[in-house]
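Open your viewer and keep the selection panel handy. We will take a short walk, one selection at a time.

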Amino acid sequence: MLENRIRELLGRARDEARKAGMNVELSFHREQSSLIRLGNSSVALATHEALTRLDVSVQDGRKVGSFSLTADIVSADQLREAVHHAAENCRAALPKDYDPIFGTVEEAVDDSAGYDPALEALSAEAKTDLCADIIKKLKPRGRYDFSGSWSTGSTEMYYTTTANDSECYRRLTDGRFVMVLKEQDKKWELQVELSQKAAADIRAAEVIAAFDDLRPVYEQNEGFATTIGRQRVLFGPQAIAQLVGLAIWGGFIGRSWEEKRSWTAQNKFGDRILSEAVTIVDDPANPDVFSMPFDFMGKRRRRFAVVERGVFKGLLYDSASAARYGKKPTGHDLASGDFGLAPGDGPAGLEAGRKLAGDALYVPHLHYIHLPDPTKGMFTGSSRFNAMRVKNGEFVAPIFSTRVTDTSPSVFNNVVAMSSKTVTHNESATYGRRTPDAMSVPEWLLCDNIRITDVADSF
Amino acid sequence: MTIEQVATAVRGHFDRMRTAGCGFADARLYDEDASQRVVLYDGNLESNNRGLERGIGVRVLYEGAWGFAATADLDTIGACFDRALTNARAAARLPGFPKEMGPARPAKGEYRAPVVKDPFEVPLAEKLAFLTGIDERLKDDSVKQRIVHARFQRRRIHYWNTEGTDVSRFVNNTFATMMVMAPDKDGRTQRRSVELYSDGSGTRGWEWLTNPDWFSGHAERIKRELFEVVAAEPLPPGRRDLIILPGQGFLQVHETIGHPLELDRILGYELSFAGGSHVRPEMIGTLRYGSDKLNCRAGVTPNSPGTFGFDDEGTPQRDYYLIKQGILVNVLSSRTDLAEANAKAGSEVVSESGTAARACAFYRTPIDRMTNINIEPGEDGTLNDIVAATENGIIVDVPVSWSIGSNREHFHFGTEIAWEVKDGRRTRVFKNPTYQAHTLDFWRSLDKVGDKSTWLLQSVPNCGKGEPNQIMELGHGIPVMRFKDVQCGEAEAATKE
C-alpha cells in the first residue's frame with residue numbers, strides 16, 4: 001500500500017471534502033524513472049527523475065473542474081489548496097447537457113505484484129555495463145554504430161473519491177530496452193527491442209543472438225526496392241501492435257462510433273467485421289502485459305473483447321462518453337489498456353512464418369504511422385528496422401524504406417495465418433507521466449493484398 | 001525556498017561538482033509552470049483543468065558525458081546533483097565523442113514574452129464566455145461535431161550554470177483551435193479547422209486570442225468550407241502542381257526541414273526513437289536542399305512560442321539562415337555537439353550554437369529542438385498571382401495526417417481541403433486530398449514563393465521528440481508556396497516517383 005504519510009494526507013483531504021459536502025476524486029502518481037540513451041556507441045545521456053503528481057477533480061451536479069499538481073506532496077494545506085483550485089474551476093464551469101458520472105471505487109485494490117525492487121534500483125552503471133558488453137562483442141563484426149535507450153523505473157498509482165472510503169493502489173516496475181545497430185557505410189539499421197518486468201529480464205547474450213540472426217541477410221545482400229501495388233506481407237511484433245492499436249483507435253472507441261467517425265460506424269454488435277482469425281481483447285489477466293487492475297474512475301477492470309473470431313463484440317466507453325451517450329463505462333478511463341491480438345493456429349517461430357509466406361515482404365516495424373481517413377480505418381506508415389524480402393520461404397535481402405497505405409478492415413480481413421505463439425510488445429512512451437503499457441501479439445501475422453504506395457531508394 | 005535561496009544552494013553544489021571533476025554543470029528552476037486547458041465539445045465543457053508544476057532539473061558534464069536528474073522536492077537539490085553526477089559517471093564508462101560546451105559565454109539577463117493581458121489573470125467565466133461565443137457561431141444543423149479548444153501556459157524559469165550564466169525567462173503562450181465536422185455522402189467524416197495564428201508581430205496574451213483576425217473571425221469561413229468539402233468529390237489521383245497554404249506549409253516545413261536539420265538527429269543520437277536524418281555533417285554548406293527560391297531561417301519572431309530569449313543552455317537566442325537560396329548552410333544545434341559535427345564533417349561546418357537547446361519541463365533535459373523555422377517571403381506575388389500562374393494544380397490547407405520516413409527522406413500528407421486550380425482559376429473543392437514525395441526532390445521543385453502578404457506564423461503546441469519524451473512548443477512563419485509536378489491523391493497503384 002501507498003506510504004502511510006501520503007495515504008493519510010490523501011485520506012484526510014478526501015474526508016474533509018466529504019464533510020464539506022463536496023464530490024471529489026483524488027489521483028496520486030509517483031514515479032522513479034531512469035533512462036540511459038545510447039548514441040554512436042556511447043551513453044549520450046543518463047537521467048533520473050523523481051516525480052509526484054496529484055490530480056483533483058470536483059463535481060457539482062453537471063459542473064466539473066480539475067486541478068493537477070506536479071510537486072512534492074508535503075502537507076495537508078497543500079492538498080486543501082489543490083482541492084480549492086479544482087473547486088474554483090468547478091464553480092465557474094459551464095454545466096454539461098448530460099449528467100456526468102462521478103468516480104467511485106467499486107472494489108478496493110492493493111496490488112504490488114508487479115513490483116521488483118531490483119528493477120527499480122537498477123543503476124545507470126549496471127545498464128551501461130550491459131550495453132558496453134553487447135557493443136564490445138558486436139562491434140568487431142562489422143562497421144557498426146549502436147544507439148538506443150533503456151528506460152526503467154517504478155510507478156505508483158492511487159485513486160480514491162468521496163463516494164466511499166475504498167482505495168485503489170498499484171505499484172509496479174517496468175523497463176523498455178531498445179538497441180539499434182547501424183551499418184555505417186550502407187546505412188541499414190537493425191533493432192532489438194525488449195520489454196522488462198524484472199531486473200533480470202534483459203540479458204546481453206539474448207540481444208547479441210538476436211542481432212546475429214538478422215545480420216547475415218543485411219551484410220550479404222544489397223537493398224531491395226519492391227514494387228508499388230498490393231503484396232503479401234509478413235508483419236512482425238511492433239508492426240502488429242501498431243496495426244492492432246490503430247484498429248482499436250479507429251474502430252472501437254465508443255464516442256467515435258456514436259458519432260459515426262469510426263470504421264465500424266455502419267456495424268452493430270454481432271456483425272462479422274474481420275477475418276475469423278481475429279480476436280482483440282483487453283485483458284488485465286493476460287500475463288504478457290502490465291495488467292492494470294482498475295481505471296481512474298474506480299472501476300475494476302476485467303476481460304473485455306472488442307472483436308471475437310472476427311465478430312464485433314464491444315466498444316470502449318470512458319465515463320464521459322458513456323454518460324453522454326447513455327452507456328455504461330467499460331473501465332477505460334486510463335491512458336492505456338492491456339490489449340492483445342489473440343494468437344492464431346499457425347506454427348510458432350519466425351522461420352515457420354517465412355516458410356509459410358513463400359514470397360512476401362517481412363515488415364516487423366512500421367514507422368510514423370498516421371490516419372489519413374479514420375472513418376475508413378485508413379493508415380499510412382513506412383517500414384524501418386529489420387525489414388526483409390522473403391523469397392521461397394527464405395529471407396533474401398533487406399528492403400528499402402517502403403510505405404504501406406491501407407485500411408484496418410482490409411488488413412484484418414486478409415489474414416492468411418498467424419503464429420500460435422504470442423510475444424509482448426512494450427508500448428510505453430515517456431511523454432508526461434510514467435505509464436507502463438504493453439500489448440500481447442502473435443510473433444508474426446501473414447496478410448495478403450497489403451497496399452504498398454511508395455518505395456525509397458534508401459533504408 | 002525563495003529563488004535566491006535556490007540560487008545560493010545551486011551555486012554551492014556547482015562548486016561541489018567542480019571539485020568532483022565536472023567540467024560543466026547547470027540548473028533550471030521552474031518556479032512556476034502553470035497551464036490551463038479548456039475544451040468545449042459540442043458545447044459541453046469536456047476539459048476544464050488547471051495545472052501547476054514546480055521543480056528543478058540539473059545537468060553535469062563529467063569526462064565528456066552527461067548526467068541529468070530532476071526533482072520536485074527543492075529540499076533535495078543536493079541529492080539531485082549527486083544523482084546527476086552518478087549518472088554522468090555511469091555514462092562515462094561507455095564514452096563516445098566527448099561532449100563539450102566550447103568557449104564559455106556567460107550571459108545575464110531576462111526575457112519576458114510580449115503580453116498585454118496575462119490569460120491567467122482572466123477569470124474562467126470570461127474565457128468560457130468567449131469560447132462559447134465561438135461555439136455558438138459554429139452551430140448548424142449540418143455540423144455534427146464542434147470543438148473549441150484553448151490552452152494557456154505561464155512559466156517562470158531561472159537558469160544558472162558554472163560559467164556564471166544567470167538568466168530568467170517569463171514566458172506566456174496561448175494556443176487555440178476550433179473545428180467543425182460532418183459526414184459526407186460516403187459516410188466519411190470530413191472536418192475543417194483553424195488554429196490561432198498571427199503575422200508574427202503583436203503580443204501573446206489574451207488580446208491575441210480575442211483578436212478576431214487571428215481566430216474567432218474564421219468561424220463562419222471554416223463552417224462554409226466544411227459544407228463545400230462534404231459536397232465535394234474525392235481528389236482524383238495524378239501528378240499536379242501543389243500550392244500549399246501556410247496552414248499546411250508549417251507542417252511540411254516542420255517535418256521535412258525542421259526535424260532533419262536537428263543536429264542530434266544528424267549525428268545519430270535520436271536514431272532509436274524519432275529517427276535519423278538524410279543530412280550528413282559534411283553536407284552542411286554544400287547540399288542543394290531546395291530550389292533557389294528556398295530561403296529558410298531559424299528566426300527570432302516576436303510573437304511566437306518559438307521565441308524564448310535564452311535557450312536552455314542560457315545562450316541568447318539567435319536568428320540565422322538554415323537554407324539560403326536552396327543551399328543548406330546551417331543546422332539546429334546546441335553547444336554540446338558542435339565539435340563532433342565538425343570532426344565528422346572533416347572541416348568546420350558549424351561555428352556556434354544554434355541556440356536550440358530546449359527542454360519542455362524541469363524534469364526533462366535540453367535537446368536540439370526547433371525554434372521558429374521560417375520560410376522567407378518570396379517575390380512571386382499574392383496567392384491570387386500564384387493561382388493565376390498555375391495551369392493544373394491544387395491548393396491544400398491544414399493537415400489531417402502526416403507520416404514521414406525515418407530519415408525524413410520521404411513523406412505522405414493528408415489535408416482537410418483542396419481547391420482545384422485549372423488554367424489560372426480556382427474551380428472546385430476536392431475532399432480527401434493527400435500527396436506524397438521524396439524530400440529533396442520536393443523542395444527542389446519549389447518554383448513559386450508568395451510575398452509578405454501570404455506569410456503567416458503558425459504555432460506548433462505539440463512537437464514530440466526525445467527520450468525521455470518531450471512535447472515542445474514552437475512556431476513556423478510560412479508564405480504560400482508552389483511545388484511542381486507532385487504525386488497527389490490515393491491511386492490504387494500510384495506511379496512510382
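How many salt bridges does a search of the whole structure find over all chains? The search finds 94. Keep in mind along the way that this is a predicted model.

**Stop 1: the interface**

Colour chain A and chain B separately and show the residues in contact: 90 come from chain B and 87 from chain A. About 7300 Å² is buried between the two chains, and carbon and sulfur atoms give 48% of that area. On the chain B side, pick Leu94(B), Leu271(B) and Glu467(B), which lose the most area to chain A and together make up 9% of what that side buries.

Now turn to the polar side of the interface. Between chain B and chain A there are 50 residue pairs in polar contact, both residues being at pLDDT 80 or more, and 8 salt bridges cross the interface. To see a salt bridge between side chains, select Glu270(B) and Arg37(A), where N and O are 2.9 Å apart. Then highlight strand 2 of chain B, residues 44-62, which gives the most to the side touching chain A, with 10 residues.

**Stop 2: salt bridges within chain B**

Select Arg146(B) and Asp135(B), whose side chains meet in a salt bridge at 2.9 Å, N to O. This pair links distant parts of the chain: Arg146(B) sits in strand 5 (residues 145-161) and Asp135(B) in helix 3 (residues 124-138), 11 residues apart. Are these two buried or exposed? Arg146(B) counts as buried because its relative accessibility is 11%, and Asp135(B) is buried at 2%.

For a contrasting setting, pick Arg112(B) and Glu110(B), a salt bridge at 2.8 Å, N to O. Here Arg112(B) is exposed, at 52% relative accessibility, while Glu110(B) is partly exposed at 46%.

Next, go to helix 8 of chain B (residues 338-345), where Lys344(B) and Glu340(B) are 4 residues apart, so about one helical turn separates them. Their closest N and O atoms lie 2.9 Å apart in a salt bridge. Lys344(B) is partly exposed at 39%, whereas Glu340(B) is buried at 3%.

**Stop 3: helix 5 of chain A**

Finally, select residues 204-220 of chain A: this is helix 5, with 17 residues, reaching 25 Å from first C-alpha to last, close to the 24 Å expected. Look for a kink of about 35 degrees at Leu214(A), shortly before Pro216(A). The buried residues of the helix include Phe211(A), Leu214(A) and Tyr218(A). Among the elements that the buried residues pack against are helix 4 (124-138) and strand 6 (168-183) of chain A.

How values were computed: Residues are numbered from 1 along each chain as its sequence is written. Chains are lettered from A and ligands numbered from 1 in the order in which they are written. This is a predicted model: local features need pLDDT of at least 70, side-chain atom pairs count only at pLDDT 80 or more; totals for chains, interfaces and linings use all residues. Side-chain values use heavy atoms; hydrogens and water are left out. Helices (H or I, at least four residues) and strands (E, at least two) are DSSP runs, numbered from the N terminus. The expected span of a helix is 1.5 Å times one less than its number of residues. The bend at a residue is the angle between axes fitted to the seven residues ending there and the seven starting there. Buried means under 20% relative accessible area, exposed over 50%, partly exposed in between (1.4 Å probe, protein chains only). Contact means heavy atoms within 4.5 Å. Buried area is the accessible area (1.4 Å probe) that two parts lose on being put together, summed over both. A salt bridge is a side-chain nitrogen of Lys or Arg within 4 Å of a carboxyl oxygen of Asp or Glu. A polar contact is a pair of N or O atoms within 3.5 Å; within protein, one must be able to donate a hydrogen and the other to accept it, and residues adjacent in sequence count only if both atoms are side-chain atoms.
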